[in-house]
Amino acid sequence: MLAWTIYISFLGAAAMFLLPKGSTAVARILALLTAAAGFAIALSAFVHHRTGEMLTVTDATWIPSLGIRYHLAADGISLSLILLTGIIAITGILFSWNIEDRTKEFFAFYLLLIGAVYGVFLSYDLFLLFVFYEIVIIPKYFLIAIWGSTRREYGAMKLAIYSFVGSAMVLVGLIAAYVVAGSHTMSLGGLAGYPFSPHFQMLAFPLVFVGFAILAGLWPFHTWAPTGHVAAPTAASMLLAGVVMKLGAYGCLRVAMTLFPLGLAPWSHHILGLGSWRDVFALLAVVGIIYGALVALVQKDFKFVIGYSSVSHMGFILLGLMTLNQIGLSGAVVQMFSHGILAGLLFAVVGRMVYARTHTRELSALGPMGLNHTIPFAAVTFVIAGMASMGLPGFSGFVAELMIVIGAWHAFPALALCVGFGILIGVVYVWRAMQKAFFSESRSAALPPGHPLPPITIPEKLGAIILIATSVLIGIYPQVLLNIIVPALNGPLFSGIRTGSWQ
Amino acid sequence: MNSIYSQLLHLAMPQVIVVATALLVMAVDLLFLKQSATRTRFAVAATLASLGCLAAIARIVTTCGSASIFNGMLIANPLTHLVQVALLVLTIFTLLLSVNSTFTEHVGEFVLLLLVATAGMMFLVGTQDLLVIFISLELLSLSAYILAAFNKRSLQSWEAALKYFLFGGMSAAFLLFGFSLLYGLSNSTGFAHIASVPALNPLLVIAIVTTAIGLGFKVAAAPFHFWAPDVYQGAPAPSAAFIASGSKVASFFIFFQLMALRFAGAEGSAALPHFVRGWVPVVALMAVASMLLGNLVALRQTGLRRLLAYSAIAHAGYMLLAIVGHTQQSLAALLYYVITYALGTIGAFAVISVVEDQRGSDQLSNFDGLGKQAPALSFGLAIFILSLAGIPPLAGFFAKFFLFVTLLQSSAPAGIVWLVVLAIAMSAVSLYYYLRVLKRVYVAPVPAGAAEIKSPLLSQAIVLILAGSVILFGAAPHLLLRWIEAAITASGS
Amino acid sequence: MLTLLTLLPVLGALVVLVAGKNLARATAFVFSFAALALTLVLWFHFDRGSGALQFVETRPWIQLTQLNVDYHVGVDGLGLLMLLLSAIVVPIGMAASSQIQQRVPLYYALILLFQACLFGTFIAQNFFLFFLFWELSLIPAFFLIKLWGGPRATRAATQFLVYTMVGSVAMLLSFLAIFLTTHTFDFAQLAALAQNNQLMPLVLGNLAGHRFTPHHIALLLFAGAFLGFAVKVPLFPFHTWLPAAYSEAPTGITILLTGAMSKMGVYGFLRILLPIFYPQMQQVLTPLLWLAAATIVFSAYAALAQKDLKRIFAYSSINHLGYCLLAIFAVVKFTGADAGLTAEKSAALNGVFLQMFNHGLTAATLFWFVALLEKRSGGLRGLNDFGGLRKVAPVFTGLMGIAIFSSLGLPGLNGFIGEFLIFKGTFPLTCWATSLAVLGLLATALFFLTVLQRVFSGPLNPKWATFPDLTTGERLTLIPAIALMFALGLCPQLVLGVVNNTVIQMVQHLRF
């Protein structure tokens, strides 16, 4: 049943392409229904999930010569992320209700992207996972290149090339693993169970991890993210920053860390104070957190602030992954969900509510417009989103970041302190952006009072409410997600991580 | 005597059918259709020729078992059957592509040459004898030179054909020289005997090098690629499609067979810490040079034909890696790769020919906004380009994947992985120029004042069928792969 | 029951947002009265004989092996007192907000959200939950000050936010450090550990190996937690945000800030710092007492120098809460088996509780009067802007006079009892600090009488010849507050009856 999330999305995309020209309204409704259907399936699977098991959805022969099977399965981690995808899909479409130019193609590419993302989260066979992972690249490119804004062609190309380079690295690792294992299978369980030599793992792990982490915005390979997300149209930014970056993190966890856990073991000697790949990536993650926050602090363009904040928040996820303890890893998955929602919300406000109306993203130009008077809903939404993003208790970000910090404290105490510093800067840059964009004191005579901005439409309000409610729900009762994430982390796939020499 | 000739006829019946069809087409065209419109002539000729090819396919498919005469001069086994069928299918598509051509009135001659070249390719793949290889290769090449020159009104066509001819002649000379050395060394022109030559005799070394040169030219591998950009650019679209597709399939197949079977003892190894002298390192170097040169120069191209030419060079580099692997699995990977590549290339040329006819040239700026004006053609082009880039779930991706897997499985992976890494890295580079084409087609707006594009129905049909096949073979590679693997196992080669 | 109480204002906020401009104020009143009613129900069902937690609700919340937090709420006498205070102060704040005309639904919604956070803070029984509501309360407070405040509201609001945030972060860090070593956030458990002298060794054992001595680390942790609450009360010298915030905020919000929010700080001292960190408090007792004395004295004299009525009352707030802190610090001085001082300590703590409640009520009422003044004067509230109002508005003068005298500490009104008990309790405990505090008393009397004299007595400023007296509606709304002042002044047992056992429990439980 879960596999239908993929198929419905693809069918929806195909139907969309075949719609006659000019059927804008039909396209929107069809897209929304498709996304809602996908979400409904995901939700029902979520509710029925018996914790701890890897639920096989489909398993069919595909390419017998290589032992590749069309094998879809889901555990708690996949389900959380599938749910996230469903929510962002719906809200992304709601926030794109105003697109008039080549509407059906937009939604077609959008649904294609959603279907491929569902595919990545559901794949159990690594070849299949890679296929879906690569399919994501092309709709991404077109969404940005055709409907984007600032430097869209450059942004789209940069994003596509970086993603492709990352996946190229992953491909090398996967092929190498397949050949070395020689067990004629590409299934996750099969390859995870094979005892690769420590030497091989020590080389394969960083290759595959970095390959995925490029898409997750690991510093210093993150530069595509701000450019690409700023260039993208709102719904695409929501999806890209909210979900697609999580594909990278998911790949890190699901593939790199599961297949090559010994790659995280300590080296025999220290280089520059770092003793293992784990130290290296944890350090890079923290640098990303702080760097992203500091750069966000000095941006003049509102959307760039959010773009860099995404880089910063993804650093949390990567750090959580490297803590290798239960609370850090669960925190990383919760942060994947939480940041997905919040990034979606932030980009929605900046892109759709503000930019589509004011046609400027310069903070200094937005201030005099008195946005908290003209579009108060946007101001309130941004305040809530900003508070959540800074980690205010009561919202999902707090729980996730707390768990990661606790996990980091157990693993890398010094880095945990740096993370605290990063959180503080996070508060500051959100505050600065909010103040300058919505609550600035300066008033300019240039904005004639008779030119009101169009009011916030119903689809936008609906989308914002859905996202805020989700964040509040997870913030108040995180056990909803933790109930399925923790047993998944205790499953057999992650035994290599649990029993490693770092415990 | 009679029995031998009847055996020969029996074995060569498909080729005979093709040649007979060629003559028939020529006759019909010259006798009955001299006054008709070019389009009608082409349609009739193409139809007749396609029917002939289909007959040949039927003949091949209904023959079973293996046979070999004259010590391997002419052989037939499931593997050669498969490749011949593939060649005939590609020729059919090329013929269909030529229906809308306007570059010549010599329809009969054109189709005749195509079919004759096809026959040459069929002989090429159905032999294990050096002389027959050379003859078939020459038959193919000479026909191809003339096909390239067919557009008498275009200076570029002449130039392309001339370069092709000169290069081709040179490399044929090299090839023959090498063959003669091999004959001298082994006193025979058959594979079986040559394989027993002691390894790395200096003469053998020369023979290896010259063979590599000769065949490297044919497949457009660097550094013997210089003809390719001009031929792709100048030759008329059907000719270029033919040269880019069928000719490649046949040449790669025989390249593999020559190297793997004939020089079996002298491989050497390209594994990095343990470099062993032999032909494998030579081919590996050619592969590296092709991948690097093809991809890097393609970045600068502004015309789609030349871009395809350099991409062909790059893909030749990837396919040479299969030869580096030289196992049975590698052969399967190679065949899969080159067949799906050829299908995609013909489709790409179909789109190019429509755009050229209606917009004047193949410059990328003429493709702006094609997505709006010719949706079917653009969709096809997008599929072909993405398959070339190696995006799943298209055939190009699986081809590369399978090829890399077989390469790593062929010997200790640690030594040879550098080739795979380089290939994948160059693939990443190639995405840039492929996406640029798609950007023109889908992102760029239609230029102001541009004429409408009327896509002929036949072109749309060809493009959609070919695109469908690329998608099908990509998403369900087993459909093609099982035939290939069955053929290889059944032939025991 | 308690959860329902906390969720009620949240629901109210949502309803107010959709109610529209005209119905917002009325809807908000309905919800705040509902909350008051519910609180009174709790008050009367409270078992006065026991000092333990009542109306407890415990549910599993976050269940990870390394982060196990329950949803644990409950109230004892202190908590219930604070709930009642908040429930009383919020409607007063709303009543004083009749001048607000812009974005009315948002204003009242934010007030209700703030009330929910207040309730939450007072019922939380572990730090996680407490911190959640503590931090959440900052957001409505910030926006209430900034968006509807005076000319320099942004600056005041930002200063308030930054100060409080820094304090909160310090508090969070301390508690995180404690959590990471003891694996519990629960107040009761931590207090038990502290009582058995196990807390610090446990924490320090895990943080050992660093350059600081255990003694210093313990003090550092205490300093973090202390900072968070010291900024909120506020304690000198962390008080500088207060005058600006109180005067720039719209008067209805000032009522909330002074009536309820400042009590969060004192509550924190009582609920958290005292049980858990008292050994550390003992170690730095003398500086703490100096700070408390300074708070009392300096604020009183600063009030004397002010010309803006709101600023005067703002400083007077600092002054009154200084007494609470003085008592709390004094109580720490002698711990252990000194049974002889139990009575004094109980008196001091009872005084603190009373003072919190009374000051909340009185200060709220005082600011309410200021709001009424502003309404009639078109926004003026300077000390010298008025004069001789007693002639044209005698009822106004009378009622405000009562409030002022109560704040001054006139016996018979509620302000006296609290201060009296505090002095009674602390004098034996620390003579010198208490003596210093008396200076503050003097100054307090001075500035309050100055207010009375300048505003109400003296020649009538001709500008105010048509100054309207209190309308019937206003009288009806003010009477309950004034009546409560008299009632508590004459019969403090109304409150003491509920809290006394809690106080005794605290004193005994903590082996003071």
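Between chain A and chain C of this predicted model, two residue pairs are in polar contact, both at pLDDT 80 or more. Salt bridges across the interface of chain A and chain C number zero by the rule applied. The two chains bury about 2700 Å² between them, and 74% of that area lies on carbon and sulfur atoms.

**Side of chain A that touches chain C**
- Seen by element, two or more residues each come from helix H14 (326–358), helix H16 (371–374), helix H17 (376–390), helix H18 (396–411), helix H19 (413–438), helix H20 (458–476) and helix H21 (479–489) of chain A.
- H18(A) contributes the most to this side, with six residues.
- Sorted by class, the side of chain A that touches chain C holds 22 nonpolar, 10 polar and one charged residues.

**Contact count**
- In residue terms, 33 residues of chain A are in contact with 30 residues of chain C.

**Cysteines**
- Over all chains, the count of disulfides comes to zero by the rule used.
- Cys418(A) has a relative accessible area of 31%, so this residue is classed as partly exposed, a class that runs between the 20% and 50% cut-offs.
- Cys117(C) counts as buried because its relative accessibility is 8%, and the buried class covers values under 20%.

Technical notes. Residues are numbered from 1 along each chain as its sequence is written. Chains are lettered from A and ligands numbered from 1 in the order in which they are written. This is a predicted model: local features need pLDDT of at least 70, side-chain atom pairs count only at pLDDT 80 or more; totals for chains, interfaces and linings use all residues. Side-chain values use heavy atoms; hydrogens and water are left out. Contact means heavy atoms within 4.5 Å. Buried area is the accessible area (1.4 Å probe) that two parts lose on being put together, summed over both. A salt bridge is a side-chain nitrogen of Lys or Arg within 4 Å of a carboxyl oxygen of Asp or Glu. A polar contact is a pair of N or O atoms within 3.5 Å; within protein, one must be able to donate a hydrogen and the other to accept it, and residues adjacent in sequence count only if both atoms are side-chain atoms. Helices (H or I, at least four residues) and strands (E, at least two) are DSSP runs, numbered from the N terminus. Ala, Val, Leu, Ile, Met, Phe, Trp, Tyr, Cys and Pro count as nonpolar, Asp, Glu, Lys and Arg as charged, and the others, Gly among them, as polar. A disulfide is a pair of cysteine sulfur atoms within 2.5 Å. Buried means under 20% relative accessible area, exposed over 50%, partly exposed in between (1.4 Å probe, protein chains only).
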